[in-house]
Amino acid sequence: MEYNSKESNKYIKKIANAQYKYGFSTDIDTDIIPKGLNEATIRLISSKKEEPEWLLDFRLRAFRHWETMQMPTWAHLNIPTIDYQSISYYADPTRKKDTPKSIDEIDPELLQTFDKLGIPLHERMALSGMAVDAVMDSVSVKTTFKETLMEKGIIFCSFSEAVREHPDLIRKYVGSVVGYRDNFFAALNSAVFSDGSFVYVPKGVCCPMELSTYFRINARNTGQFERTLIVADDDSYVSYLEGCTAPQRDENQLHAAIVEIIVHDRAEVKYSTVQNWYPGDAEGRGGVYNFVTKRGHCRGEASKLSWTQVETGSAITWKYPSCILSGNDSSAEFYSVAVTNNRQQADTGTKMIHIGRNTRSTIVSKGISAGQSQNSYRGLVRVTEKADGARNYSQCDSLLLGDRCGAHTFPYMDVHNDTAIVEHEATTSKISEEQLFYCNQRGIKTEDAVGLIVNGYAREVLNKLPMEFAVEAQKLLSVSLEGSVG
Amino acid sequence: MKTILEIKDLHASVNGKEILKGINLTMNEGEVHAVMGPNGSGKSTLSSVLVGNPAFEVTKGSVLFYGKDLLALSPEERSHEGLFLSFQYPVEIPGVSMVNFMRTAVNEQRKYRGLSALTAAEFLKLMREKRAVVELDNKLANRSVNEGFSGGEKKRNEIFQMAMLEPRLSILDETDSGLDIDALRIVADGVNKLKTPQTSCIVITHYQRLLDYIKPDVVHVLYKGRIVKTAGAELALELEQRGYDWIKEEVGG
């Protein structure tokens, strides 16, 4: 119908004009090591971080393994050749040996940057009930409420600090869920990783505030390779949030992270992500390549892990937050909204590996494609021989805006136990011109109508986010799709 | 008498095919006009063109609504100006709750009129009041727009939205189709309760039975894209008894 093409053209134009709110960069003296990747680079990173010998060994083993590997090509993505020698693997905007002890020691430029991003680092101004680890490029700038949390025995600090202060815990758990041999990007990360966050919640402790890490890429021609490790000991609970943004630049930037989560007996971890890396412009210039390995291990009996992600940014996303359910009666959830617009590409989903008895997993994936983007769900549900009574429910919905974008679903099921029940449902829908006109007739503009429909469609996932984040995410969805038109 | 709607020589087509071939119609404030006619005569096209459905192209003619050039306004502006269509086939919008939908609609209208948005409490109170007009169940009001509603519930929901938006001119496009006698009575009662001396109504229908409840002041017969006969309420009764053939013969169709 004429209406459809006319409206969607107008709509697509509006989308293309959408502004990325976090595209500014900070002009700050940054200690950037020379471009290139070889053993000397690894040794340099390790020495800058004053790491123990065993960690350097770990890095070097990973690097040697990475050198034997090829970049994976199975994803439904068109990834330009990446020259790993043209990237700098370490950028430190704090240029100080240690993490500053007090807020006064932090460069005001850095504080301003995080203020501008809505992440105040002064505890008195901080978001109530939320502790933040702020990471810029390769270094953690500041972790708030560290002392308050320590009173309950909760460790929340940068990964580098954890290596110094809690080496036994790091040594015990790092690489135990995502080994460096796991995949190409995991090997790369294991070789060159810089800061991320470390969380340890001791036995029986319910973490009284939300913990969060805010990742910011600032420096040019660098990559960010953070590593996050969360350990929830028996009968503990923690809710963790992750947010990310980057400046608007013409060249692509690489972000290859690893997140490992270990959940012990009857413990529960909720991990939420609002990923808003710079997505590139309307023609597909620039943007972050987001190649991330996230995996949790429900080791303990009746342990619980919940992944919630709202993915709106990045030029290319390759990401499958997964869970190994080895504890009996353990359960995992994956709730995802992935929005692609313009020329963005996303191949994202999850893996649920059922090993223990009576393990349960739920997958709810909502893809939204607009512009000329490509959006794929890829998920694996594996039930091993011993996983009696395993249960999975998967629901994968795709929503298309316009007729030049693509939505794809690749569900894999691998079931080796007859008592398992595995269900999969999938739908694809399009916002129809009749729906939009119905809204128009009631006085609702087309952009607002799309906002209503998209937020309604994603509500099941948004409801899983902590309150403050849900509001942010809702706004983000509207901005990503509607354009910031008044 | 104040003229509120003045349609002059209106021509409109869809996909290049002319459906309306010169409609002339004038309405005064407070009047109820019935538009009747055989299938395919252009009744629904007329209502679509008035509310600005872009699937239809106006090729000639003019429409004045309260003195304003209606055809120059966007569909949402026409709504804000007080024009409402009760759709023949209300669409389902999964995931969007009636509450959210109506709240957006009401507040957009208030913004257009320079009024501040209603608070959540004020809005819910308004919903409760208006729901009663068409005996709409609270459960329906909490569901997604029209999703899983029966035919009768959808039509009641249209009149509920009409109650919420308080239009100056409502067009009921075959609101009686698919309704059993009880639902028809509830819907018609709702429309009558909302009627004031300042509000006007165009009732598009095939049958007399809706007009037993909603009494028209004027009845038009639309045939082949033109209004071929205009008379008082008695015309509808005559059509009910004699069908349309005599009209077709009169106009030589």
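# Reading a predicted two-chain model

Q: What scores does the predictor give to chain B and to the complex?
A: Chain B averages a pLDDT of 93, and 100% of its residues score at least 70. For the complex, the ipTM is 0.96 and the pTM is 0.81.

Q: What makes residues of chain A and chain B count as being in contact, and how many are there on each side?
A: Two residues are in contact if their C-beta atoms, placed from the backbone, lie within 7 Å. By that rule, 20 residues of chain A touch 22 residues of chain B. On the chain A side, the elements that give two or more residues are α1 (2–16), α9 (433–441) and α10 (446–462) of chain A. That side divides into eight nonpolar, five polar and seven charged residues. In this count, Ala, Val, Leu, Ile, Met, Phe, Trp, Tyr, Cys and Pro are nonpolar, Asp, Glu, Lys and Arg are charged, and the others, Gly among them, are polar.

Q: What radius of gyration does chain B have, and what would a compact globule have?
A: The radius is taken over C-alpha atoms, and the globule rule is 2.2 Å times the number of residues to the power 0.38. For 253 residues a compact globule would come out near 18 Å; chain B has 18 Å, so the two agree. Its C-alpha atoms fill a box of roughly 60 × 40 × 40 Å along the principal axes. Chain B comes to ten helices and twelve strands.

Q: Why is A:R181 called partly exposed, and B:N146 buried?
A: A residue is buried if 20 or more other C-beta atoms lie within 10 Å of its own, exposed if 12 or fewer, and partly exposed in between. A:R181 has 15 such neighbours, so it is partly exposed. B:N146 has 23, so it counts as buried. A:R181 sits in the loop between α7 (167–173) and α8 (184–192) of chain A, while B:N146 is in the loop between β8 (144–145) and α6 of chain B. Buried residues make up 55% of the 486 residues in chain A and 43% of the 253 residues in chain B.

Q: What makes the phi of B:N146 worth a look?
A: Most residues other than glycine have a negative phi. B:N146 is not a glycine, yet its phi is positive, near 60°. A:D329, in the loop between β16 (322–325) and β17 (331–340) of chain A, is another non-glycine with a positive phi, about 60°.

Q: Why is α6(B) called largely enclosed?
A: Twelve of its 15 residues are buried, so the rest of the structure largely encloses α6(B). Its buried residues pack against β6, α3 (98–112), α4 (120–133), α5, β9 (169–173) and α7 (181–194) of chain B. Helix α1 (residues 43–51) of chain B is mostly covered too, with nine of its nine residues buried.

Q: What makes a set of residues a nonpolar core, and how many residues does the largest one have?
A: A nonpolar core is a set of buried Ala, Val, Leu, Ile, Met, Phe, Trp, Tyr and Cys residues joined through C-beta atoms within 7 Å. The largest has 195 residues, and those with the most contacts inside it include A:I453 and B:V203. Its largest share, nine residues, comes from α10(A). Leaving out residues up to four places away in sequence, A:I453 touches A:I431, A:Q435, B:I93, B:G95 and B:V96.

Note on methods
Residues numbered from 1 in each chain as written. Chains lettered and ligands numbered in written order. Predicted model: local features only at pLDDT ≥ 70, side-chain atom pairs only at ≥ 80, totals over all residues. pLDDT = per-residue confidence, 0-100. Helix = DSSP H or I, 4+ residues; strand = E, 2+ residues; numbered from the N terminus.
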